[in-house]
Amino acid sequence: MRLGDIAKLLEVEFAGEDKEIKGLNTLLNAKENELTFISNPKYKKYIPDTKAGAILVTKNEEKYVPKHTTALVVDDPYWSIAVLTKEFAPPLEDTNGKDAVIGKGSVVSPKATICKNSIIGDNCYIMAGVYVGSNCVIGDNTILYPNVVVYRDCVIGKNCIIHANSTIGGDGFGFATNKIGEHKKIYQNGNVVIEDDVEIGNSVTIDRAVFGSTIIKKGVHIDNLVQIGHNCEVGEFSVMVAQSGLAGSTKLGRNVVMGGQAAAAGHLEIASFNKFAARSGITKSIKEEGKTWAGFPLYEHKTWLKLQGKIAKLLKS
Amino acid sequence: MRLGDIAKLLEVEFAGEDKEIKGLNTLLNAKENELTFISNPKYKKYIPDTKAGAILVTKNEEKYVPKHTTALVVDDPYWSIAVLTKEFAPPLEDTNGKDAVIGKGSVVSPKATICKNSIIGDNCYIMAGVYVGSNCVIGDNTILYPNVVVYRDCVIGKNCIIHANSTIGGDGFGFATNKIGEHKKIYQNGNVVIEDDVEIGNSVTIDRAVFGSTIIKKGVHIDNLVQIGHNCEVGEFSVMVAQSGLAGSTKLGRNVVMGGQAAAAGHLEIASFNKFAARSGITKSIKEEGKTWAGFPLYEHKTWLKLQGKIAKLLKS
Amino acid sequence: MRLGDIAKLLEVEFAGEDKEIKGLNTLLNAKENELTFISNPKYKKYIPDTKAGAILVTKNEEKYVPKHTTALVVDDPYWSIAVLTKEFAPPLEDTNGKDAVIGKGSVVSPKATICKNSIIGDNCYIMAGVYVGSNCVIGDNTILYPNVVVYRDCVIGKNCIIHANSTIGGDGFGFATNKIGEHKKIYQNGNVVIEDDVEIGNSVTIDRAVFGSTIIKKGVHIDNLVQIGHNCEVGEFSVMVAQSGLAGSTKLGRNVVMGGQAAAAGHLEIASFNKFAARSGITKSIKEEGKTWAGFPLYEHKTWLKLQGKIAKLLKS
């Protein structure tokens, strides 16, 4: 899409070359043929470092934009990027391209759907009602139980097991909101990458990234009814027990354990080998490895136990 | 169904005309060709105002029944209405009637099912494994991702997106219980109405009303694994984050935000522009608009933060 | 499988007869043609009572093994049993055997899948996208709504209703973990048994047992998005409200009520007629019947209310 067409769509003017824009991306990941945006003024210090070909900014931040980047000045960059994500969204399903390739020894139910440009590895078992969207890759020996849905562009590794009724790569929960409270969907044009040896339970939802990938690393085990938001990263051999959840962009290190109904807020980093008791509520990043936590607000588990003892004593006061 | 047949089924006698009863409804919504009931004595003051043709009451409440309404005196009106809901339940799927009408430009997967008497608007995209029950209406430009299930009689607006594995219009959770603890299902003969521009995530469950409609208003955004009970109403542009839930008959105003894993008890009214932090537990109606809340029990967010500080100090006591 | 082949697979030696081992089972349930294991030293006192034909033990516990049982000495019996569960897992779907038998009066959608060796009773309604695995039994008059998935070997009673997108018999969440944090799946070779008159909501997940059965007894009502772990037992007429959950091996008595988002830890026994308010967190067994509870940690409901009053007073301190 030409920058001129983008400007016309957003009803803004711009000075400079009418570049071809191939995609949208974050401030620090955008390449010279991509357009980026700055919505939180906190990040304005990174504007000079962007390699993006163009950027959506407010009048206030225009001055930080480097020379190689064309500024598009808008009232609300987040709303404007939402408008553009729709333009850059791929079709729901590819109608052109190659028929899916099915590896040798794989069983694919005639009641399953494998869309164009997808590749199924060897010795896979794809059961009835499964849907694998366009341009996906499923590794060797992977089992997709009935009615699993994999949205387009996702990648699943070898020796994975995904149980019935789970969804991989659904849209992340993203939208801009204007001053009168109306919302504009931010199309989620990234994907989900699941590495090898991962097992995922029933009715699990793992959202695709808005840009880039949501990543589930090697050997992770996920129980039923677990929610993983867009752009999360779940480290190797981590474990998420039933009904637990991660809000968007949170990263778990290796061998982290989330107990049942435990949840983490978004944009956190949790160091490896931390364990969270059932129903823990995590709102801050944790840098130290190997501790055990509980409660909401979160305490070290032994402290939480002590605190509950103190609270119980209030009954006698 | 004739009132005489109803009386026979319930093994009761009645005085008066053997009217034709066309349906069941609540005390204040029932029309003259409908039958109602009173299960909670708290509402007996409304009995004289009912327009119902007939009413299930206990011996104690018979005296409040107006002349135009025929009283059927039973031991347990709630159990008896449960018995009757089964008689008035429509078939699971219509076998008679018109084939579904598909609007122009719409894509319907051959692996989707659209039942009789349903109407799909223009430019919809109905993907593999979707089930749309009998007598549904789906508005223009709406996308149903794979394996979405819409139960019979539901209405979905224009420009909606419903993500994979979600269920619209499943039965509300209703049953009567007798003195020895046995349950009798209350068939849910209402529906779900979703207005325009609504987006619903993966594995969401929105239950149909027992009578009338569960309503999701224009522009609402719902994340994954959210539960909405029967007869709820979610106001315009409200937002429900992953794993949150509403018990039956609760009404959210406009632009209410329910954080992740937050939940509200049943029969509440929440004024517009209230925000609930993750894991809030709401047990009372809120009349004032525009506040921010947290915790369970629920406090204003700033009060909750202060309280957590006080609680933490107990560790030093 | 011959014990000699098992020993070879585990790279251990053994003294004694090269028996045929037909299956795996727990210490106290294993029969003479089955192999068992001891992973928690707490249970070593039961070793002399086992009837198993063979047992996986550490060097330390070998001395407790009775004469009729052959000891296989391994470093980590739990890891070794995990390795063996894969060998004893049945195929995902039977390819041999009888075509499914459908009872008279039953409606089975052409878009449903009923695998070999399964039996559907009379007057059932099996809707589009339903998957019933191999060797299942579905009782008379039972309704499976669209996209319900029943894994192989499960048994569902008469007059049951299972709502859309629910999964019965998915794998329990079980794996062994070695010293460097890698996991090994424990294949779940048991099943789920659902008795008569049970209603199950949308997107519910009820896991199959690792050995034996997960049991949902007569007349139970389960709301949407509920999780029931492997080897649980839910007593007659019990009720589980939306988004509640049971961890593995917990047993509820009769007429227990779990409120919305309430949850119980694993291996608990809850006496009949106990009620748990929404979001209760149960971590200990309850022997007394008929009480009402709330909170996490759990208190009697009236005590919890009193405690919340005391906590609120901290704001004034």
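This is a predicted model: local features need pLDDT of at least 70, side-chain atom pairs count only at pLDDT 80 or more; totals for chains, interfaces and linings use all residues.
Residues are numbered from 1 along each chain as its sequence is written, while chains are lettered from A and ligands numbered from 1 in the order in which they are written.

View 1. Strands (E, at least two residues) and helices (H or I, at least four) are DSSP runs, numbered from the N terminus, and two strands pair if DSSP finds at least two bridges between them. Strand β14 (residues 155-156) of chain A runs parallel to β19(A) and is joined to it by two bridges, with Val193(A) as the bridge partner of Val155(A). Four bridges join β19(A) to strand β22 (residues 213-216) of chain A, again in parallel, and here Val193(A) has Ile215(A) as its bridge partner.

**View 2. An open sheet of 11 strands in chain A.** The strands follow the order β6-β9-β12-β15-β20-β23-β26-β29-β32-β34-β35, with mixed pairing. At the edges are β6 (107-108) and β35 (299-300) of chain A, each of which pairs on one side only. Within this sheet, strand β9 (residues 125-126) and strand β12 (residues 143-144) of chain A pair in the parallel sense over two bridges, and Tyr125(A) has Ile143(A) as its bridge partner in β12(A).

**View 3. An open sheet of nine strands in chain C.** The order is β5-β8-β11-β14-β19-β22-β25-β28-β31, with parallel pairing. The edge strands, β5 (101-102) and β31 (269-270) of chain C, each pair on one side only. Strand β22 (residues 213-216) of chain C is joined by two bridges to strand β25 (residues 233-234) of chain C, which runs parallel to it, and Ile215(C) stands opposite Glu233(C).

**View 4. Helix α2 of chain C.** The 12 residues of helix α2 (residues 77-88) of chain C should span 16 Å at 1.5 Å a residue, and the end C-alpha atoms are 16 Å apart, which agrees; the expected span is 1.5 Å times one less than the number of residues. Among the buried residues of α2(C) are Trp79(C), Ile81(C) and Leu84(C). The elements that cover the buried residues include α1 (3-10), β1 (23-24) and β17 (175-177) of chain C.

**View 5. The two domains of chain A.** The domain assignment (bounds come from an automatic or database assignment) gives domain 1 (3-88) and domain 2 (101-304) of chain A. In chain A, 13 residues of domain 1 are in contact with 10 residues of domain 2, where contact requires C-beta atoms, placed from the backbone, to lie within 7 Å. Helix α2 (residues 77-88) of chain A gives the largest share of the domain 1 side, eight residues.

How values were computed. A residue is buried if 20 or more other C-beta atoms lie within 10 Å of its own, exposed if 12 or fewer, and partly exposed in between; C-beta atoms are placed from the backbone.
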